[in-house]
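Dear colleague,

Please find below the structure that I am handing over to you.

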Amino acid sequence: MLKNLYINNRFFFALIGVGILYVLAFFFPILMVFAHIVLLLCFLAVMIDGLLLFNQKDGILAQRILPEKLSNGDENPVKIDIKNNYSFKINAKVIDEIPFQFQKRDFLITKQIEPGKNSYFQYTLEPKERGEYNFGSLNIFAASPIGFISKRFRFQKDAVLPSYPSFIHLRKYELMAVQSEFLLGGIKKIRKLGHTMEFEQIKEYVPGDDIRTINWKATSKTNRLMVNQFQDEKSQRIFMLIDTGRTMKMPFKGLSLLDYSINAAMALSHIILKKGDRAGMMTFSKKTENKIAAENKSGQLKKISEALYNVNTNFFESDFNRLYQDVKYSINQRSLILLFTNFETLDGLNRQLKYLRGIAKNHLLVVVFFKNSELQHFMNKNPESMQEIYDEIIAEKFEFEKKLIIQELRKYGIYTVYTLPENLNIDVINKYLEIKARGIL
């Protein structure tokens, strides 16, 4: 009983008031009687308060409702349901022992719950790394209207949740992909420039249709321009290669470039499979790991999710020569390869360019690398001091270097996605849809 009893501040404030009365009683003896009475009432109130709270064993019932797994980099809801079985209104303090990875030491939620009623609410957690998250106990400190003491109730000790690559927004990306539109500071519409030879139907011409597909026989019969419509080519192979080397360790908003890439690979895999194509992946630094062959089977997304969850790295220097050799011998058919990496300088690119060109000879290669959001901040403000001028010049130099990297890659027919980490998912999916719509694979 005593280990669950906690004295509230209200009791100490009452004792302070009694102490002040005793001090005043030295100067005004008539107050001594009142001081004794107030002190007696305080201890009597504590006894009544204890009887009210501890006389009922299950005065409070509570449960923490957790998702099956956490989505890395997203806000995950954690729901709390508390029922008051007491015959009086309680003031409840909720202290949930959330995993240490969040470093949140001031967790406190206060609620007033009427007798026989439930209080249902939620809070959110945003994990920044993959792995297991251990929850401690759900602590409810219940106080009666007297409020001198509280009784602690503990529930659901030691719950464990894995944090998987971001999956919460997969449905949203799917809906966007169906419409072939992605919102990012406006609407980007993808216009189809090519097609396969798999006929689907004849339809009326609308501006934007390829005039080469006009069906003149149908046009003469209906006296309106009619065009042949062809199906998108399916079962194309899409591979995602994720660099787990040193350059991917850089953090932005608490999440490393590696985890941004892993989350984007998860979202892209979902869209690829929904579009009827085959999704595969591998990671690399000193060697290639976590290889998943490009398939379109029912359990492929789960297989990719497990592989992404289990990505571990020491952030060594990446070996692009080893990557080139493995791609050459393990990916035999022409495929779309999205390489998630990061180049900060043109010299860094030139050291690896011959291997990228080797991959691009047999495959359609898209290099995905990142804008430095901190540099964007320096370039988007008016400098007021000499130091700020230097900062802006250096930031513009790095940005110019990135543009040179893009030009150098385009020279050899290598496509690029150059984006801010937080926009990676949408930009990568948009690039895939654009390539697929243009029929250039």
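Phe 11 and Phe 148 are both buried, where buried means under 20% relative accessible area, exposed means over 50%, and partly exposed lies in between (1.4 Å probe, protein chains only). The model is a predicted one, in which local features need pLDDT of at least 70 and side-chain atom pairs count only at pLDDT 80 or more, while totals for chains, interfaces and linings use all residues. Residues are numbered from 1 along each chain as its sequence is written, and side-chain values use heavy atoms, with hydrogens and water left out.

Aromatic pairs

A search of the whole structure finds 11 aromatic pairs. Rings of Phe, Tyr and Trp (its six-membered ring) pair if their centres lie within 6.5 Å; planes under 30 degrees apart count as stacked, over 60 as edge-to-face and the rest as tilted. Tyr 6 and Phe 141 form an edge-to-face pair, because their ring centres are 5.1 Å apart and their planes stand at 85 degrees. This pair links distant parts of the chain, with Tyr 6 in strand S1 (residues 5-7) and Phe 141 in strand S9 (residues 138-143), 135 residues apart. Helices (H or I, at least four residues) and strands (E, at least two) are DSSP runs, numbered from the N terminus. Tyr 6 counts as partly exposed because its relative accessibility is 31%, whereas Phe 141, at 16%, counts as buried.

The rings of Phe 11 and Phe 148 have centres 5.7 Å apart and planes at 65 degrees, so this pair is also edge-to-face. Phe 11 lies in helix H1 and Phe 148 in the loop between S9 and strand S10 (149-155), so the pair ties together parts that are 137 residues apart in sequence. Ring pairs link Phe 11, Phe 12, Phe 43 and Phe 148 into a cluster.

The nonpolar surface patch

Which helix gives the most to the nonpolar patch? Helix H1 (residues 9-27) does, with 7 residues. The patch lies on the surface and has about 1200 Å² of accessible area together; its members include Phe 13, Ile 16, Phe 27 and Phe 34. Patches are made of residues with over 30% relative accessible area and no salt bridge, with like charges joined within 9 Å and nonpolar side chains (Val, Leu, Ile, Met, Phe, Trp, Tyr) within 5 Å. A salt bridge is a side-chain nitrogen of Lys or Arg within 4 Å of a carboxyl oxygen of Asp or Glu. Phe 27, found in helix H1, counts as exposed because its relative accessibility is 61%.

Strands and sheets

An open sheet of 3 strands has the order S2-S4-S7, with antiparallel pairing. Strands S2 (60-65) and S7 (118-125) stand at the edges with a single partner strand each, so one side of each has no neighbour in the sheet. Two strands pair if DSSP finds at least two bridges between them. Strand S4 (residues 76-84) pairs with S7 over 8 bridges, and Ile 80 stands opposite Phe 121 in S7.

Strand S22 (residues 364-370) is largely enclosed by the rest of the structure, because 7 of its 7 residues are buried. Both faces are covered, with Leu 364, Val 366, Val 368 and Phe 370 on one side and Leu 365, Val 367 and Phe 369 on the other. Strand S21 (residues 336-340) pairs with S22 in the parallel sense over 5 bridges, and Leu 336 has Leu 364 as its bridge partner.

Yours sincerely

Notes
Accessible areas come from the Shrake-Rupley method with a 1.4 Å probe; for residues, only the protein chains shown count as cover.
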